[in-house]
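The structure is shown first, and the notes follow by topic.

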Amino acid sequence: MEKRHTSWYSKFKAFGPGILMASAAIGGSHIVASTQAGALYGWQLAIIVILVNIFKYPFFRFGTQYTLERKHSLIEGYGEKGEIYLWVFFIMNIFSGVINVAAVGILTAAILANILKLTVLSTLTPAAMASMINMLTTIVLVGSLAMMVFGGYKLLDSSSKFIVISLTVATVVAVIIALFKQHPMAPGFVVQSPWKLTALPFIVSLMGWMPAPIEISAINSMWTVEKQQEMRVPRKIAMLDFNVGYYVTTILAFVFLALGALIQYGTGTAIKGASAAYIAQFIKMYSSVIGSWSGLLIAFIAFMCIFGTTITVVDGYSRANAECLRLIMKKGEVKTSHFNIWMTVTVAIAMIIVFFFAGNVAAMMNFAMIFSFVSAPVYSYLNFSLVKDNSRLPVWLWFLSVAGIIYLTGFTLFFLVYLSGILK
C-alpha cells in the first residue's frame, strides 16, 4: 500500500504544466461565459462547448508533445521554420498578452469588489465604482507581478494545484445538489434561441477563451521546458499531466454551463453582463444551492481561481515574449532581469488599457474573448505546421487538426462577414 501511495504522490508532484494550463483556462471562459451560456440558453449551447474543446485539443496537445519530442519549446520551433513565423507569433502574442492580462485583471478586481461588498454600496456612483474597480485592478496586477518576481515558477506550480482542485470540488458539489432540487420555470418564460445572428457575438466570445486562448499552448510548451529542467518527468507522465489538465477544463466548462442551466435558466431573472453585478449573481447561485454560509467561501475560491489565472498569464505571456525576442536577436538564455522587465511592461500596458475601459468589465472581457477567437486560426496553423510531417503523428490527430483549422477558420470568416454588415 505504501508503494502505491508513493507512486501516486510522485505522479502528482511531477504534474505541473498541464495543471498550470488548467489554472489559466478556468477563468472568464468558465466562471462567466459558460455559466452565462447555461443561464441564457439552457442546454442549447452545450454542443458548442463540446465542439470547440474537441477541435482545439490538437493544438494544445502539440505544445506538450512537440516539446517532449524535440526537447525545446514551440516558439523555438517557429524560429526553426523561419523568422517570419516567429515575428507573426511575437507581434500577435504581445497584443494578446496585454489584452488578456487586462481582462482577467479587471475580472479579478470585480470579484474582489464583491467580497469587500463594494458592489452593494448604493452611495457609489457609476464613475466612483469604475474608479474603485480600476484601483483594485491595479492592486491585483501589481500583486501578481510581485508574486512572480519573488516567487517564480515554483510558486506558480504549487499554488495552481490547490486552486484548480478547490474550485473543481465546489462546482461539482453545487451541480450535484442542483440536480436534486426543483427549479420551476417563471410564468410566461420565453425560450431564447442562440441560433440567430444576434447571438453570434456571444457564441464567438464563448469560444474565444474556451478552454483557453490557443497561444497558451506555446506558453504551456515553455512551462514544460521549465518543469523538465526542475525535475526529469517521463514522457508518459508529462502527457498524462497535459491530458488531465485539458480534460478537467473541458469537463468543468460543461459543469459551469450546467450550473447556469439548472439554477438561473428560466427563472425570469435578468442575466447581467460580464460585470461586477454578474459576479454577485454567480456567487448567489452557489449559496442558493449549497447554503448561504457558502457565499463568502465560494467568492474566495472564485477570487483565487481568477487571481491564479491572472498570475499565470502575467508569467506566461511575458515568458513567451522574452523568448521570442531572444530568438529574434539570436541571444543566449533569457536573463531573469529581462524576464522581469517583460512582466513589468506587460502589467503596465494592461493597466493603461484597464483605465481606458474605465472599469467596464463586460466590454473588456468581450473584446478580449472575441480577439482570442479571431486569432485562433493563425495560432492553430502555426502549431500544426510544426508537427504535420511527423511520421509519429497519429492519423486521427492529423485529421482532427485539419478539421479544427477548418472549424475555427470558417467560424472566424463567418463572424467577420457578420461584422461587415453583409448578413444584417
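The model is predicted. In helix α9, the buried residues are I216, S217, A218, I219, N220, S221, M222, W223, T224, K227 and Q228. Several of the spaces described below draw on α9 for their lining, among them the largest pocket and the second largest cavity.

**Helix α9**
- Because 11 of the 15 residues of α9 are buried, the helix is largely enclosed by the rest of the structure.

**Largest pocket**
- The largest pocket holds about 560 Å³ of space.
- Its lining consists of 22 residues, and M222, E226, Q229, R319 and V334 are the ones nearest the centre.
- Two or more lining residues come from each of α7 (126-179), α9, α12 (295-328) and α13 (336-356).
- With 5 residues, α12 gives the most to this lining.
- By class, the lining of the largest pocket has 9 nonpolar, 5 polar and 8 charged residues.

**Second largest pocket**
- The volume of the second largest pocket is about 220 Å³.
- A322, L325, R326, M329, K331, G332, E333, V334, K335, H338, I341 and W342 line the second largest pocket.
- The elements that supply two or more of these residues are α12 and α13.
- The lining of the second largest pocket divides into 6 nonpolar, 2 polar and 4 charged residues.

**Cavities**
- Searching the whole structure gives 2 cavities of 30 Å³ or more.
- The largest cavity has a volume of about 90 Å³.
- It is lined by 14 residues, with A24, V104, W209, P213 and T309 closest to its centre.
- At least two lining residues of the largest cavity are supplied by each of α2 (17-25), α3 (28-41), α6 (83-115) and α12, and α12 has the largest share, 3 residues.
- The lining of the largest cavity has 9 nonpolar and 5 polar residues, with no charged ones.
- About 80 Å³ of space lies in the second largest cavity.
- The second largest cavity is lined by 12 residues, of which P17, T64, T224, A238 and D241 are closest to its centre.
- Here α2, α9 and α10 (235-263) each give two or more residues to the lining, and α9 has the largest share, 4 residues.
- The lining of the second largest cavity has 5 nonpolar, 5 polar and 2 charged residues.
- T224, close to the centre of the second largest cavity, is among the buried residues of α9.

**Loop residue H72**
- H72 sits in the loop between α4 (46-70) and α5 (74-81).
- Its relative accessibility is 12%, so H72 counts as buried.
- The side chains of H72 and Y66 are joined by a polar contact of 3.1 Å.
- Apart from neighbours within four places in sequence, H72 is in contact with Y66, T67, G77, E80, S221 and V225.
- One of these contacts, S221, is a buried residue of α9.

Key
Residues numbered from 1 in each chain as written. Predicted model: local features only at pLDDT ≥ 70, side-chain atom pairs only at ≥ 80, totals over all residues. Heavy atoms only, no water. Buried < 20%, exposed > 50% of the residue type's maximum accessible area, 1.4 Å probe, protein only. 1 Å grid on protein atoms, 1.4 Å probe; cavity = no way out; pocket = protein on both sides within 12 Å on 5 of 7 lines; lining within 4 Å. Points joined across faces, edges and corners; volume = space filled by probe spheres on them. Nonpolar A, V, L, I, M, F, W, Y, C, P; charged D, E, K, R; others polar. Polar contact = N/O pair within 3.5 Å; in protein donor to acceptor, adjacent residues only side chain to side chain. Contact = heavy atoms within 4.5 Å.
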